[in-house]
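Morning, everyone. I have one structure for you today, and one interface in it. Have a look first.

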Amino acid sequence: MSDARNGNLEFQRTYAAKGEPFVWLTAMGLAVGLIMVVALLGIIISNGLPVFWPSRVLEFQLKSDISNSVPQGGDKIVGELVQKRMKRIPVLNAQGIKKADQTELQVFVGNKDTYGLNFAFANQDDIASVTEPKDIYRIERLEYGIAFGYPKSVKLANGQSVPSTNATFSTVLAQLCAESTARRHEIENIEKHEIGQINKQLNELRISQKSDSQSAEKLSALDAQYKTLASKASELRATQSASSLQYITPTGVDRSLAIGELVSYTQPNRLSTWERIVLFARNFLNFLWENPREANTEGGIFPAIFGTFAMTLLMSVAVVPFGVIAAIYLREYAKQGFFLQCVRIAVNNLAGVPSIVFGVFGLGFFVYFVGGSIDQLFFGKYLPTPTFGTGGVFWAALTLALMTVPVVIVSTEEAMAAVPRGIREGSLSCGASKWQTIQRIVLPASLPGILTGLILAMARGAGEVAPLMLVGVVKLAPSLPLDGDFPFAHLERKFMHLGFHIYDLGFQSPDSEAAKPMVFATALLLILLVITLNLAAILTREKLRKKYAGSAF
Amino acid sequence: MPAVLSEPVRSHFPTTVNTSTAGRPDFISIQNFSFFYGAKQALFDISLDIPERQVTAFIGPSGCGKSTLLRNLNRMNELIDGISHSGDIIIHDHSIYDPLIEVISLRKRVGMVFQKSNPFPKSIYENVVYPLRVAGQNAKNVLDETVERSLKGAALWDEAKDRLHESALSLSGGQMQRLCIARAIANRPEILLMDEPCSALDPIATVKVEELIQELKSEFTIVIVTHNMQQATRCSDKTAFFYLGKLIEFDVTSKIFSNPAQKQTEDYITGRFG
Ligand SMILES: Nc1ncnc2c1ncn2[C@@H]1O[C@H](COP(=O)(O)OP(=O)(O)OP(=O)(O)O)[C@@H](O)[C@H]1O
Ligand SMILES: [Mg+2]
């Protein structure tokens, strides 16, 4: 009896001594965290990437008894299958009995101009057969998004018509499409850049308010320039609509599409796997590099990527000096004591202030006060149009820098505290002043810690949206904060941001169902961007660590 | 006396002008010096004259205040909060506590090698030239010349000459200590303070450092703290024995080790306590 108890005791002792329960507990904590991260990434990737995959177009033939109940009309639904899901409210058949199969299909049918809706829903039960129409075209248009249909002919500018049965049809269409793309770029260049330049000069002239003969001459010269450019643009526009593509929708409606409206087209059911992969990559790259269209629901998100990148970089440039200088004072020069402790606690708590409060502060202080003063001092001639006195990428970066500066202060302080006293004393004993010691010994040795702070700050700053809405982010920015116009970096400009883009697409766009894949794709890119920036910082830090790490002791 | 003394305001610790080969017997003069860490008194009324261009050893049991006194000679203890002192330390007729003197200029004249080697996380080259760089010297030929002279002086040249631009942290413990010696002598201070420079070294490196001390003696006034009686006998000219913050005995080394005047000294060097 006593033996057994002893044995039991021993077992308990070793069990507790090994700390097994706690190992399990910590492992569980990590596992929960990891699962959540992986699940989040999984959802975003699995929803975001398929956007770029050219999926097959299917034709769902409906059973005769429910024909014509489809809003698109006709007895079939043609489009890409989005998802199958269970009906929440059970569907009943004509006799009022619950149907056996409660699955519902969501199909992307496009042709919004004809159908009014991008999606069609059908019960699995109601589908008689599914086929793949071989010859169907998927046509991407400038407006109204995607169209599915069968081309009938192209009408050329000279009135000639090339029917789709003609052997040269595909080459003619490809050539027209390429030409229209080129013209579109040209129009964009004229309207955005050249006319923009002239407008800018006109504006300058108007503001200078000189009425001598010289400026009048200049004015008329600019006017003439403007007119030639404008007429050139309208000429190009006319050419864009001179030829057109005639096609018929799967439900039998005849449509005509001006060539200028045609962005690209594919025959999704005729693609080989390799072509699909190439198309996937091209779609993805276009998404990265193109400007958005149609209230951001179509096209790419390049301005948002660039805006986020520029803002985060500017923020890093601002936050590091701020934080490091503050940390140096706190750690090296300030008298340690109660008051300093209070300051430290206050700084740390700054990180807990809701970000929107920083937005309000940034709007009041940076934008209205500082920006307003700058406008009055340097840009008085443009007033009442504000230059810096309105939200812009610079103020947004400063606001976020203010928000993330506690992180940098804390990590810099920790890093500086970790610099061994021995090497500080070594430096001082060499006749270095305190500042020289900080600058030459302490700061380089704390660089990895400072970078850790920066990494945390970037991760927080890049994902922040709320304060940005007050200090400079917009749904659609006319130009990037960096371009070829002097002085190249335009810090006062408004910018687009991936985080805000997600919010805008998901919650502000007219057709949120159609925008959903874009939301996921944008989220994916935001995550990729943050990871890229972080990786860059982490790699630098590792390099520095190797340089400054003590090895032999 | 040097002319600088007559100037009413000066901020730099005056440079010694070497006129005689014999050297002054009271080059560093510690006068009734007491030292406190907060309320705790670490040194009690110490008076001691350290001769110029000779080696003076501080010995005594652990915690008796050797390092504290040594670190006062270049005012290194001032980094610690709440310290205070009484008495004075005079180096070559000038008080190191003279409020007109910048502590930086004092430290430029008084080099220091620490108990634990403390190379900077920089290259070997940059470690050695650090005292010159902070003094504003950036001329490459001067720096190159200094590196060679100092590393040779610290008996590290042969081992390090091919890897001058590698990190100093890749050196062995003993090499690091010699690098610290090279760094301490790079800007030619007048006084070299060494706090147990051999505590982390193997016998061969120890011999090297001891030989080094003998060589450096012709140029520098050296004060060395050591726990090793043989080392004190081998390389010092005078020895001071401390016990519990008090100076017990100070005399020529051979006298201390052969015929100490105090009983406590004899007990310590014969290993009966401490
Ligand atoms: N920073 C400090 N704050 C408070 N007391 C200190 C401090 N440094 C040293 N002391 C105390 O001063 C006394 C002398 O210390 P010191 O370092 O000078 O001894 P030491 O003779 O060098 O000893 P060791 O041979 O072990 O290095 C010791 O009692 C020690 O506890
Ligand atoms: Mg000591």
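This is a predicted model: local features need pLDDT of at least 70, side-chain atom pairs count only at pLDDT 80 or more; totals for chains, interfaces and linings use all residues.

Start with distance. Now the contacts. On the side of domain 2 of chain A, 16 residues take part, and they meet eleven residues of domain 3 of chain A.

How much area is buried between domain 2 of chain A and domain 3 of chain A? About 1000 Å². Carbon and sulfur atoms give 52% of that. Which three residues of domain 2 of chain A supply more than any other three? They are A:Val78, A:Asn111 and A:Thr114, with 38% of the area that domain 2 of chain A buries here.

Next, the polar side. Four residue pairs are in polar contact across this interface, both partners at pLDDT 80 or more. The salt bridge count between the two domains is one. A:Arg255 and A:Asp113 form a salt bridge through their side chains, at 3.2 Å from N to O.

Where does the domain 2 side come from in secondary structure? β2 (76-86) and α3 (112-115) of chain A each bring at least two residues to the side that touches domain 3 of chain A. By class, that side of domain 2 of chain A holds six charged, six polar and four nonpolar residues.

That's the interface. Over to you.

Notes:
Residues are numbered from 1 along each chain as its sequence is written. Chains are lettered from A and ligands numbered from 1 in the order in which they are written. Side-chain values use heavy atoms; hydrogens and water are left out. Contact means heavy atoms within 4.5 Å. Buried area is the accessible area (1.4 Å probe) that two parts lose on being put together, summed over both. A salt bridge is a side-chain nitrogen of Lys or Arg within 4 Å of a carboxyl oxygen of Asp or Glu. A polar contact is a pair of N or O atoms within 3.5 Å; within protein, one must be able to donate a hydrogen and the other to accept it, and residues adjacent in sequence count only if both atoms are side-chain atoms. Helices (H or I, at least four residues) and strands (E, at least two) are DSSP runs, numbered from the N terminus. Ala, Val, Leu, Ile, Met, Phe, Trp, Tyr, Cys and Pro count as nonpolar, Asp, Glu, Lys and Arg as charged, and the others, Gly among them, as polar.
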